Amino acid sequence: MIGKKFSIFATSKMTGGKRAKEKVSKIVIYVILTIISIIWILPFLYLLIQSFAVKYEANLIIPKEWTLRNYTNLVTNKVYPFWRWYLNTLIIALIVSVLNTVLTLISAYAFSRLRFKIRKGYMKIILIIGMFPGFLGMIVTYYMLQKIHLANGMPGLFGLILVYISGCVMNYYVAKGFFDTISKSLDEAAMIDGANKNTIFWRVIMPLSKPIVVYTVLLAFTAPWGDYMLASVMAGGHSELYNVAVGLQQMLAKEAGTQYFPIFCAAGVVVSIPIMILFFLLQGYYVEGVTGGAVKG
């Protein structure tokens, strides 16, 4: 009897010690995540604060004088056509996000459901090519587009969209993993009812794939939104064809960079708003799409 009571006491003591350790480990994790979050948000807070500064002062984090004029100058400033850059970026990002999403999901569904001889080899080749940074072939890509008159000037925007779309299939693996989690019995049932692969994809699979659709759209939208290297090459020095990344870099590249720094900060805040809204509204779908696609298939 005494041994039994001692055993119960020892077990409860061990359980209590285990709970205490778990509680301490959770506190440590939360503290670390809080510190990391603060470090991540500090640059944006600095950008936001400086966007209200009357003038740039390198030694001051908090400006002495505050104004909203920097935001109005984004519209009235004739030296830097910010809203033209913003419109260029928005149009490119919308077109690319729609086309990339369709092509990526169609390719991922084909790899997930269809079985053909070169399927595995083709998937491996795509993964290997995807390991190399895209800018390695930027010069070659530029000259190829130049040969077909899709570089420099207004045609450069169409060439830029073409380049963004051309490599979208390399992002098939997450979407394929998500489609692998959807039971193939749905496809078989639809085929018994006379549906073909096209009908199955659009009418059966797509309504069940909202998380991966949102995930793919967000990735496809943010890539051209923040691109600098390729966009700067394709613009060919024509300022009216810049996207926001290239335009804002040019705003600080001149000798009067400090003069335009508060306006630059205001532009940075405005540029970040669409991405922030998208992620806040679609965060649940985004996480579900990542986790749902993180399976081996």
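This is a predicted model: local features need pLDDT of at least 70, side-chain atom pairs count only at pLDDT 80 or more; totals for chains, interfaces and linings use all residues.
Local features here need pLDDT of at least 70, side-chain atom pairs count only at pLDDT 80 or more, and totals for chains, interfaces and linings use all residues. Residues are numbered from 1 along each chain as its sequence is written, and side-chain values use heavy atoms, with hydrogens and water left out.

Q: Why is Asn 88 called buried?
A: Buried means under 20% relative accessible area, exposed over 50%, and partly exposed in between (1.4 Å probe, protein chains only). Asn 88 has 8% relative accessibility, so Asn 88 counts as buried.

Q: Which residues does Asn 88 touch, not counting those up to four places away in sequence?
A: They are Glu 240, Leu 241 and Tyr 242, where contact means heavy atoms within 4.5 Å.

Q: What makes Phe 82 and Trp 83 an edge-to-face pair?
A: Rings of Phe, Tyr and Trp (its six-membered ring) pair if their centres lie within 6.5 Å; planes under 30 degrees apart count as stacked, over 60 as edge-to-face and the rest as tilted. For Phe 82 and Trp 83 the values are 5.2 Å centre to centre and 70 degrees between the planes, which is edge-to-face.

Q: How do you know whether Trp 83 is buried, exposed or partly exposed?
A: Its relative accessibility is 38%, so Trp 83 counts as partly exposed. Phe 82, at 1%, counts as buried.

Q: Why is the pair of Phe 221 and Trp 225 called stacked?
A: Their ring centres are 5.4 Å apart and their planes lie at 20 degrees, so the pair is stacked. Both Phe 221 and Trp 225 are buried.
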